[in-house]
Amino acid sequence: MAETLELSHWINGEKVGGDRPAESLNPSDTRDVVARTPDGSESDVDAAVQAARDAFPAWSQASPEVRSDILDRASNLLMERREAVGRLLSREEGKTLPEGIGETMRAARILKYFAGEALRLHGQNLPSVRPGVEIQTYRQAVGVYGLITPWNFPIAIPAWKAAPALAFGNTVVLKPAGPTPATAEALVAILHEAGLPKGVLNMVIGRGRVGQAIVDHPGVDGVSFTGSQGVGAGVAAGAVKRQARVQLEMGGKNPLIVMDDADLDRAVAVALDGSFFATGQRCTASSRLIVQDGIHDRFVEALAEKVKGLKVGDALDSTTNIGPAVSEDQRETSYRYIDVAREEGGRIVTGGGRLNLDKPGWYVEPTLIADTHATSRINREEVFGPVASTIRVKSFEEALEIANGVEFGLSAGIVTQSLKHAREFQRLAKAGMTMVNLPTAGVDYHVPFGGTKASSYGPREQGFAAQEFFTLTKTSYSAS
Ligand SMILES: NC(=O)C1=CN([C@@H]2O[C@H](COP(=O)(O)OP(=O)(O)OC[C@H]3O[C@@H](n4cnc5c(N)ncnc54)[C@H](OP(=O)(O)O)[C@@H]3O)[C@@H](O)[C@H]2O)C=CC1
Ligand SMILES: O=C(O)CCC(=O)C(=O)O
């Protein structure tokens, strides 16, 4: 077994919290304890917020070059250590090693992107409607941000929330997800090694009550959250009650439409990636495959063949295609939804059974379910596992109506060779992100990310859009 890490909170640049009652386990082999951690309390959050408030004046007034250089150094360190950090990520979260290293590189590139953005805070000069008056708008740091992050992208999501917050001069209190504290800690440690002053980035490890304490803390000016819809609703209510800024990224029930004119191999490759890679644990995963009549049977048969060929196993084994679910809860959620789909009349084309591997891990058999109805629970509720269902349709119009007919609207895809259908889909899909001949999951890091309806709330994350949430626009009038 690999070494068990002894983690601490990071408060005011120090590692604190010697008592470690909690553990994160390796989902590929639950005998392996990845980390022992403290279980944070309201007073830990209090100390972290105070440190962040004390650090804010100097950090927000530092030259943007200082902030840029630190993010750039952290990016370089993360790139150099991508193998070790990626391995830790895969060991703790369960995605395969190439996925773990890929996500680590994504986090490094996010840090580098925001190292540049620190120098690109734009303002405007405008004429006033009054003679002799000039107007300037410019962006300023806001204060302390609370970042509450999930386990499914345990380094990329902390990076894409923390990097813009820090780049624009804010200070941070981060609460990583319960199952993946060690991966988040690796990012926090590297940022400190890169020269982050004490108190600028704090991390409190612990369960939901730590997140709640951040949301309720009067010293926190804004909260950025990614996770479930239920918890997100409470985060928003708590933040709005005390007029804090809030940004939420939550679930998806992302459709992938496959039209009769699609290239079959392309459609299968796009569906396989979107539905099953990263164990289906992506808010952008394609969980509804909406397939036109003329290609339906060929598509289902060809996709089933590919799904059968996926090797489920230990995330760190180089022959593994699909790692385990992150937790027993997530595994059981997948199996519960497979049962629901069966009861609703769905046909299990492949998968659906319990896996008995040579290790105690939370493995799920990748499962394809055909002949499901658009209004079934399997097609309305987020599963967050390697499970996809198909819905047969007659026309583009029917496919679009079904695609748009759920409460979520994060990502939506179509596979087609028709320019007309592709363009119409891009225009009419009720989703924050549309994909033509590409998987619904797997997005770039330098462009806006977010959804519509119940998927997102508040300003967009990532890329140039991140300025909106992490800065305050000031309008200055002057007369000579
Ligand atoms: N949009 C996305 O990318 C994600 C969606 N999900 C969805 O959520 C489902 C459940 O996953 P789960 O991990 O339980 O997601 P949660 O929404 O419970 O967790 C997300 C984050 O919120 C924290 N949290 C929990 N309770 C509170 C609270 N009351 N106030 C503030 N923060 C809180 C969690 O801490 P802790 O982990 O310690 O409980 C975690 O850091 C998944 O099956 C999936 O459907 C999950 C992850 C990511
Ligand atoms: O698909 C992606 O690249 C991002 C997915 C994501 O942000 C999530 O699942 O939380």
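Q: What makes up the helical part of the shell around ligand 1?
A: In this predicted model, helix H7 (208-216), helix H8 (229-241) and helix H11 (328-343) each put in at least two residues. H7 gives the most to that shell, with four residues.

Q: Which residues come nearest to ligand 1?
A: The shell has 27 residues, and those that come nearest are Gly178, Gly208, Gly211, Gly227 and Ser228.

Q: Why is Glu249 called buried?
A: The cut-off is 20 or more other C-beta atoms within 10 Å. Glu249 has 27 of them within 10 Å, so Glu249 is buried.

Q: What else is there to say about Glu249, and where does Glu249 sit?
A: Glu249 sits in strand S12 (residues 245-249). The UniProt annotation "active site", from an unreviewed entry, covers Glu249. Leaving out residues up to four places away in sequence, Glu249 touches Thr226, Cys283, Gly450, Ser456 and Glu461.

Q: How do you know whether Ala51 is buried or exposed?
A: Count the neighbours: Ala51 has 23 C-beta neighbours inside 10 Å. Buried takes 20 or more, so Ala51 counts as buried. Ala51 belongs to helix H1 (residues 42-61). Its contacts, apart from neighbours within four places in sequence, are Ile11, Asn12, Gly199 and Asn202. As for Met105, 54 residues apart from Ala51 along the chain, the two C-alpha atoms are separated by 30 Å.

Q: What makes a set of residues a nonpolar core, and how many are in the largest one?
A: The members have to be buried nonpolar residues joined through C-beta atoms within 7 Å. The largest such core has 142 residues, and Leu111 and Val173 have the most contacts inside it. Helix H5 (residues 156-167) gives the most to this core, with nine residues. Both domain 1 (5-250 + 455-479) and domain 2 (254-436) supply at least three residues to this core.

Q: What does Val173 touch?
A: Not counting residues up to four places away in sequence, Val173 touches Val45, Ala48, Val49, Ala52, Val144, Gly146, Asn202, Val204, Ile214 and Val220.

Q: How do you know that domain 1 and domain 2 are in contact?
A: Contact takes C-beta atoms within 7 Å. By that test, 20 residues of domain 1 are in contact with 24 residues of domain 2. Helix H3 (82-93) and helix H4 (97-117) each bring at least two residues to the side of domain 1 that touches domain 2. H3 has the largest share of that side, four residues. The C-alpha centres of domain 1 and domain 2 lie 31 Å apart.

Q: Which residues does UniProt list for "domain: Aldehyde dehydrogenase"?
A: The unreviewed entry lists residues 21-475. That span is 41% helix and 20% strand, and its end C-alpha atoms lie 50 Å apart.

Methods:
Residues are numbered from 1 along each chain as its sequence is written. Chains are lettered from A and ligands numbered from 1 in the order in which they are written. This is a predicted model: local features need pLDDT of at least 70, side-chain atom pairs count only at pLDDT 80 or more; totals for chains, interfaces and linings use all residues. UniProt positions are given in the numbering used here, feature names are shortened, and annotations may be inferred rather than shown by experiment. A residue is buried if 20 or more other C-beta atoms lie within 10 Å of its own, exposed if 12 or fewer, and partly exposed in between; C-beta atoms are placed from the backbone. Domain bounds come from an automatic or database domain assignment. Two residues are in contact if their C-beta atoms, placed from the backbone, lie within 7 Å. A residue is near a molecule or strand if its C-beta atom, placed from the backbone, lies within 6 Å of it.
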